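Please read each point with the coordinates open alongside.

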Amino acid sequence: VLKWQATDPARDPLTYEVTLTREGSTTPTHTFTNLKADSLVVNGLAYHTTYYWQVTVSDGVNSVTGKTWSFRTVPFPDVPYVFTRKVGGNYQIFAATEGGT
């Protein structure tokens, strides 16, 4: 979840654009436009990867781009035991660590 804050002195309604760029890339991986909320749930990211994100806020007249933030996703899970089983016409994936989790 990405979160930010912005205010407008005239209390005009604000819209946001969020750009998300994967480390090593010069073009955004994702661009989310015309957002009304000041948070965004991002899914489908690569494991163990640094992403940079930036918010541009607009009141319909002026736009301001905030600073660049970054985060790193979790490493690929260490799951040495994996098997699948067909249940009700669908395949389910079962996995466990050596500790039984």
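**Notes on the predicted model**

1. A polar contact of 2.7 Å links the side chain of Thr50 to that of Arg72, where a polar contact is a pair of N or O atoms within 3.5 Å, one of which, within protein, must be able to donate a hydrogen and the other to accept it, and residues adjacent in sequence count only if both atoms are side-chain atoms. Thr50 belongs to strand E5; helices (H or I, at least four residues) and strands (E, at least two) are DSSP runs numbered from the N terminus. Thr50 counts as buried because its relative accessibility is 12%, buried meaning under 20% relative accessible area, exposed over 50% and partly exposed in between, with a 1.4 Å probe and protein chains only.

2. This is a predicted model, in which local features need pLDDT of at least 70 and side-chain atom pairs count only at pLDDT 80 or more, while totals for chains, interfaces and linings use all residues. Residues are numbered from 1 along each chain as its sequence is written, and side-chain values use heavy atoms, with hydrogens and water left out.

3. Not counting residues up to four places away in sequence, Thr50 touches Thr21, Arg22, Glu23, Ser70, Phe71 and Arg72, contact here meaning heavy atoms within 4.5 Å. Thr21, found in strand E2, is likewise buried, because its relative accessible area is 15%. With the exclusion of residues up to four places away in sequence, the partners of Thr21 are Thr27, Pro28, Thr29, Thr50, Tyr51 and Tyr52.

4. The loop between strand E7 (69-72) and strand E8 (81-87) holds Thr73, which counts as buried because its relative accessibility is 16%. The side chain of Thr73 reaches the backbone nitrogen of His48 at 3.0 Å, and a polar atom of that side chain lies 2.9 Å from the backbone nitrogen of Thr49. Thr73 and Leu45, 28 residues apart in sequence, are 7.6 Å apart in space, C-alpha to C-alpha.

5. His48, in the loop between strand E4 (39-40) and E5, has a phi near 50°, a positive value in a residue other than glycine, and it counts as partly exposed because its relative accessibility is 45%. Arg11, in the loop between strand E1 (2-3) and E2, also has a positive phi, near 60°, but Arg11 counts as exposed because its relative accessibility is 77%. Most residues other than glycine have a negative phi.

6. The largest nonpolar core has 13 residues, and Trp4, Tyr16, Val18 and Trp53 are those with the most contacts inside it; such a core is a set of buried Ala, Val, Leu, Ile, Met, Phe, Trp, Tyr and Cys residues joined through side-chain atoms within 4.5 Å. Strands E2 (15-22) and E5 (50-58) each supply at least two residues of this core, and the largest share, 4 residues, comes from E5. Among the residues that Val18 touches, not counting those up to four places away in sequence, are Leu2, Trp4, Phe32, Leu40 and Trp53.
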